[in-house]
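Reader: Could you take me through some of the labels used for this structure, and tell me what stands behind them?

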Amino acid sequence: MKIAWKGAATVAAIAAAAALALSGCSDPGSGGSGSGATTWPAQDTKLDGVNLTIWAAQNSNKTADSVISGFEKLTGAKVKVVTIPDPYEQGIQTKVATGDKPDLAFWQPTASELTALNATQNLQSLQGAPWVKNYTGNLGDMTGILNGTRYAALVTTPAVIGVYYNKDVLAANGITSTPKNWDEFIADAQALKAKGVDPFYEMGGDKWATQWWVQAQLADAAKAGLWDKVNSNTEKFTDPTIQGAIDNYQKLIQQGLFNSDIKTATFVDQGKALLDGKAAMVMQVNSFFGELQATANTADLNKKIGFFPISPKGNVGTFIPDQSNALVAFKTGDSKREAAARQFLSYWLGDGYNDFVKAQSTVSLIKGVDTPSDVPTALQDVAKSLDTSVGSMQALAVANPDLYLNLADMIQGTKTPVQVAQTTQDQFAQLAKAQGVKGF
Amino acid sequence: MTAQLAPLAPAPPAATRTVEKRRRTGRRQDHPAWFLVPALIVLVVFFFVPTIFNFVYAFTDWSSFHSQINFVGFDNFASLFGNGSLLSDLRITLIYAVLVAIFQNLFGLILALVLERDTRINRFARVAFFVPVVMSALAVGYIFQALLKPAGGLNQILSFVTGQHVTIAWLGSTTWTIVVVALIHAWKWMGLSMLINLAGLKTINEDILEAARLDGASWWTTFRSIRFPLLAPAVTFNVATALLGSMNGFDIVQATTAGGPGGTTELLNIFIFRTFGQGLFAQATTMSLSLFLMVTILAFPVIYFLRRRENVL
């Protein structure tokens with residue numbers, strides 16, 4: 001009796017588990033409402049009783065505050081911001097993969113990151129959005145689009161990879177104009193080094209900024225379609241263009257043009273070093289300026305800190321939109337909330353935009369809304385450089401491999417430049433293959 | 001990702017013997033078999049099913065990029081073993097596990113011997129050393145990360161004591177950081193080893209120790225020839241749980257170094273986390289499966305060897 005029961009129980013358990021395993025073999029994150037023509041409700045449509053949820057990261061969870069209070073007053077909807085802990089993108093992908101979706105989320109509006117969210121399946125199309133025609137410059141076409149469909153709403157100007165410099169340090173060492181190309185840039189650095197100043201400061205301890213040096217060197221190549229070739233597997237990270245940029249980065253480090261504590265220095269150290277004039281220049285993106293703003297006021301920053309984009313042949317910046325620049329709207333299956341989410345975006349980039357740029361003191365990207373005067377000049381220069389800039393790897397490549405991590409390993413001495421390129425290429429190919437990209 | 005658990009250490013041999021005796025005299029019918037059902041459901045849902053999924057998904061192309069999941073055979077295995085990262089991370093994981101097993105048991109044994117007598121101070125000290133065991137591993141990691149960074153607490157103390165400005169990057173060496181994180185892991189769990197060793201020491205028959213004393217054996221001889229061999233069951237449990245448990249290590253290392261510097265402390269679970277975060281769910285599952293297999297393969301010889309030591313009992 002006992003034995004029979006035991007046998008039966010085992011069989012039942014295995015059968016149950018197998019049934020679960022088989023039935024579970026569909027993606028729990030799939031589904032969502034069907035697609036239809038997207039409608040755009042008026043910004044002040046009443047939404048009493050509608051609750052919207054926005055997912056945001058640690059550094060973007062206050063961004064929408066002024067928009068939310070304005071929207072709630074205007075429509076009667078309730079909007080809640082939920083902070084997803086860092087690493088933000090991984091957290092969101094995991095949640096979405098298990099079927100957990102908000103109405104809106106801050107998200108990097110690049111093709112690779114929209115693909116990573118399985119945009120066609122999970123995100124609402126924002127085609128025909130009323131604010132697109134109001135974008136300044138070519139911001140409307142720059143980003144937020146995957147395979148011809150708009151999925152992300154850009155709310156602030158994308159970050160640009162470029163050089164933040166300490167005006168006092170450059171002036172004190174006889175450098176009166178910013179470099180016009182890479183050779184001048186390095187010549188300036190060597191002149192600074194000869195005078196005993198650290199020309200560049202890199203944060204090898206926090207890793208993520210290491211990739212800016214390689215990407216800036218690829219700006220001209222990117223204009224000539226480098227990432228298209230990488231996407232079709234006709235050019236690899238191990239080919240001379242990208243490999244050369246990696247080699248060159250290591251050479252600059254070996255020449256002693258960087259801070260001596262490059263292996264352990266952090267993001268915070270980097271900001272402090274530039275402000276204190278311990279280092280002359282830093283290759284960074286907009287979030288670095290945010291770090292500076294945390295410790296110095298606008299007047300000081302305008303006096304001390306400048307920005308210029310750099311590329312091998314000129315001053316082409318490399319734009320890299322990040323999570324705090326844009327929002328995506330999810331297909332939640334509830335058409336009322338989906339429409340409300342679109343209405344929220346219309347309001348943000350419509351009647352709510354003036355309050356938003358004032359509250360955030362950020363550069364305006366909507367025609368007819370002026371940039372507040374208290375926006376630091378460096379950030380205005382960043383925004384100005386956008387029109388001539390080119391997309392970064394994150395913006396133009398189909399996948400975003402851990403290039404920064406491999407470069408950080410190179411700084412620590414555990415990878416050679418050849419291994420950096422090879423590991424990055426392997427991971428890129430793996431990601432491209434998983435996406436079903438042709439040629440991989 | 002957290003589906004695999006370290007195999008449980010075997011029950012102490014005393015219990016095994018009783019069970020064997022029972023088996024010989026026939027089972028006692030003191031409970032109906034369906035009493036097992038609630039426990040079995042929990043086991044099936046939270047252990048068997050995830051483990052089976054772990055096997056199934058490893059052979060698919062499940063990712064965040066598309067909604068359908070197709071079987072791809074051994075593709076994932078081929079590509080993973082083709083690039084060096086998996087094997088190098090498996091090696092790091094193994095080194096980490098061995099270091100943790102050594103440190104944790106050494107500290108646990110020393111603590112147990114020091115705090116063996118039941119005085120009031122010792123009771124308090126035991127509780128104090130057990131506190132880290134119940135602390136959140138991430139919290140422990142972040143605390144040590146703050147203590148050990150170049151401008152952190154440890155260097156400030158050293159600066160104060162030596163009168164010089166100390167800025168050692170304790171987590172910055174590509175060679176020694178793995179030892180430091182293993183020490184942190186051992187520090188967190190040494191209270192558990194201490195507790196089990198204390199229990200083991202209590203079970204040693206007072207008569208044997210008295211006989212040894214009458215024969216004039218020194219403390220060290222008594223420990224080496226009598227007490228340590230008789231501690232074998234406790235050591236089996238401690239070594240097995242420390243070694244196999246730390247193979248699944250993640251939180252402490254993620255919080256202190258996140259795998260750095262230069263990837264020298266990148267445990268397999270951190271690599272899995274990174275791969276999963278890239279949206280390559282199937283590849284992450286495949287790695288998790290290889291970790292599961294490695295733990296299983298390692299568990300049998302280790303436990304067999306440790307159990308053999310118990311034969312003196």
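Author: Happy to; here are a few labels with the rules behind them. This is a predicted model, in which local features need pLDDT of at least 70, side-chain atom pairs count only at pLDDT 80 or more, and totals for chains, interfaces and linings use all residues. Residues are numbered from 1 along each chain as its sequence is written, chains are lettered from A and ligands numbered from 1 in the order in which they are written, and side-chain values use heavy atoms, with hydrogens and water left out.

Reader: Why is the pair of Phe71(A) and Phe344(A) called edge-to-face?

Author: Rings of Phe, Tyr and Trp (its six-membered ring) pair if their centres lie within 6.5 Å; planes under 30 degrees apart are stacked, over 60 edge-to-face, and the rest tilted. Here the centres are 5.0 Å apart and the planes stand at 85°, so the pair is edge-to-face. It links helix α2 (residues 65–75) with helix α16 (residues 335–348) of chain A, the two residues being 273 residues apart.

Reader: What makes Phe344(A) count as buried?

Author: Buried means under 20% relative accessible area, exposed over 50%, and partly exposed in between (1.4 Å probe, protein chains only). Phe344(A) has 0%, so this residue is buried. Phe71(A) also has a relative accessible area of 0%, and is therefore buried.

Reader: And why is Val45(B) called partly exposed?

Author: Its relative accessible area is 41%, which lies between those limits, so Val45(B) is partly exposed.

Reader: How many aromatic pairs does the ring rule give over all chains?

Author: The count is 44. Ring pairs also join a cluster, with Tyr165(A), Trp182(A) and Phe185(A) among its members.

Technical notes:
Helices (H or I, at least four residues) and strands (E, at least two) are DSSP runs, numbered from the N terminus.
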